[in-house]
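Please read the following walk through the structure with the sequence and the model at hand.

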Amino acid sequence: MVFSSPVFLFIFLTAVYILYRIIPGMTAKNVILLIFSLLFYAYGEPKAIVLMIISILMNYVFGLAMADGRRGRRAVLAVSVAANLLMLGIFKYAGFAAEMLNHIPFVNVPVPQIALPIGISFYTFQAMSYVIDSYKNPDYVQRNLFKLALYITFFPQLVAGPIVKYYDFADQIDNRRTTPEMTVQGIRRFIMGLSKKLLIANTMAAAADYVYGLDDSQLSVSLAWLGAVSYLFQIYFDFSGYSDMAIGLGKMFGFTFRENFNYPYVSSSMQEFWRRWHISVSTWFKEYLYFPLGGNRKGKLRTALNKLAVFFCTGLWHGASLNFIVWGLLNGGFMMLESYKIINTEKWFKPLRHIYTMLVVVLAFVFFRADTLTDACRFIVHMFNPLSSSDSGMAAFLAQLSPMYIIMLCCAVVFSMPVWRTLKGKIKSHELLVYGEAGSYVISLVMLAFCIITLSSASYNPFIYFRF
């Protein structure tokens, strides 16, 4: 089920919220959320829900083994991590691994055709977070199976994040309250995310899909840059929009999730970019992989290898493809060049630092979007080859610049910067702040109306991160 669908907005969300508010008692409210979370997942993946239930039961047992005083806790932790990664590997990477093996001479392994369960990367990492956190602190061991199931299946962040670590969620299972202020803030945040997805991301997606679908003979410099920039904004507003909706829904039910994006396109270095982009997955890898590998405590060479391992895994986590691995290693490689001052952006003129960062991000996302490494390399060649321009290419470029596209592109540029946050910081009058807050709710209602109009005529367009 997609957040930006009429079924979710007008049936599912309405039903679960009304029942949640009228049924008294935290235990009953948690049961309602668990039931509806399972229904939410079963709506789109009725068969895959069995796999998710197996994951819940498996990690529940592993968690019980982490109770204080139990023997062999470290061995159980190793088995739990291996079991979760094996499950993820079978359903997400088995086909990719077989294809890679078949590139070896005289090797011919059958390629399994296994459907990828929606959200398996997200809920597997959350389950691993629970077991690892319970190992570090036995107080986190959850003896109530249904409470653990709620953590893993909670529908706002089930299929596309943000990844919620167990220690951030544990206390909120039984100790939370839903205030009118949290509810209206949650609704406003949800509408903001819905607007990002339906109005900006989907408009950018149409242009990006058109350009990336062209043959080499049809591409030109202008079209290639149009496709690259369109995808740059599509993936940001698509994914940050989903995160906004998840955070907003969490607030409506009394939960507080950490921010997942912090205006990454204002970054002046790749290190800053990764402090702002997809924060939940980068912190997950930092806490559960980078630090256990030794972090930066074992010399420069080991630190470099640890960082490369993290970004290799980050790329692979996004998808079973060499393109994602290259994307991850490109990001990690530039971060290492910066950390060792081979690229020392601190001495550069600030606008130049920003241009450098966004150029790296744009080019890296070409590998993320293209179907193959060859396609990505050809696309980048077209971006920098003026000889590939033609009259037909310019005509196709101008045809994509519809009034709607231009308006949404301007909105994408503006809203990828912290405009409202900056304005709030400069407003000293309390009355102006109050009026500004009130105005933001009015604008939210107007945006909701636009979104509903868009929904009435839009075709199905799932979130990019649903495939992870």
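**Patch, salt bridges and a buried threonine**

In this predicted model, Met417 sits in the loop that runs between helix 17 and helix 18. Met417 is partly exposed, its relative accessible area being 39%. Together with Val413, Val414, Phe415, Val419, Trp420 and Leu423, Met417 makes a nonpolar surface patch of about 580 Å². Helix 17 (403-415) and helix 18 (419-426) are the elements that give two or more residues to this patch.

Side chains of opposite charge can pair when their charged atoms come close. The whole structure holds 10 salt bridges. One of them joins Arg189 and Glu259, at 2.6 Å from N to O. Arg189 belongs to helix 8 (residues 180-212) and Glu259 to the loop between helix 9 (221-252) and helix 10 (270-276), so the bridge links distant parts of the chain, 70 residues apart. Arg189 is buried, at 16% relative accessible area, whereas Glu259 is partly exposed, at 40%.

Arg378 and Asp216 also form a salt bridge, with 3.7 Å between the closest N and O atoms. Because Arg378 is in helix 15 (residues 373-383) and Asp216 in the loop between helix 8 and helix 9, this pair ties together parts 162 residues apart in sequence.

The salt bridge between Arg276 and Glu272 (3.0 Å, N to O) lies within helix 10, where the two residues are four apart, about one helical turn. Both Arg276 and Glu272 are buried.

Thr314, in helix 12 (residues 300-318), is buried at 3% relative accessible area. A polar atom of the Thr314 side chain lies 2.7 Å from the backbone oxygen of Val310. Beyond its neighbours within four places in sequence, Thr314 is in contact with Trp274, Phe285 and Trp327.

Notes: Residues are numbered from 1 along each chain as its sequence is written. This is a predicted model: local features need pLDDT of at least 70, side-chain atom pairs count only at pLDDT 80 or more; totals for chains, interfaces and linings use all residues. Side-chain values use heavy atoms; hydrogens and water are left out. Patches are made of residues with over 30% relative accessible area and no salt bridge: like charges are joined within 9 Å, nonpolar side chains (Val, Leu, Ile, Met, Phe, Trp, Tyr) within 5 Å. Accessible areas come from the Shrake-Rupley method with a 1.4 Å probe; for residues, only the protein chains shown count as cover. A salt bridge is a side-chain nitrogen of Lys or Arg within 4 Å of a carboxyl oxygen of Asp or Glu. Buried means under 20% relative accessible area, exposed over 50%, partly exposed in between (1.4 Å probe, protein chains only). A polar contact is a pair of N or O atoms within 3.5 Å; within protein, one must be able to donate a hydrogen and the other to accept it, and residues adjacent in sequence count only if both atoms are side-chain atoms. Contact means heavy atoms within 4.5 Å.
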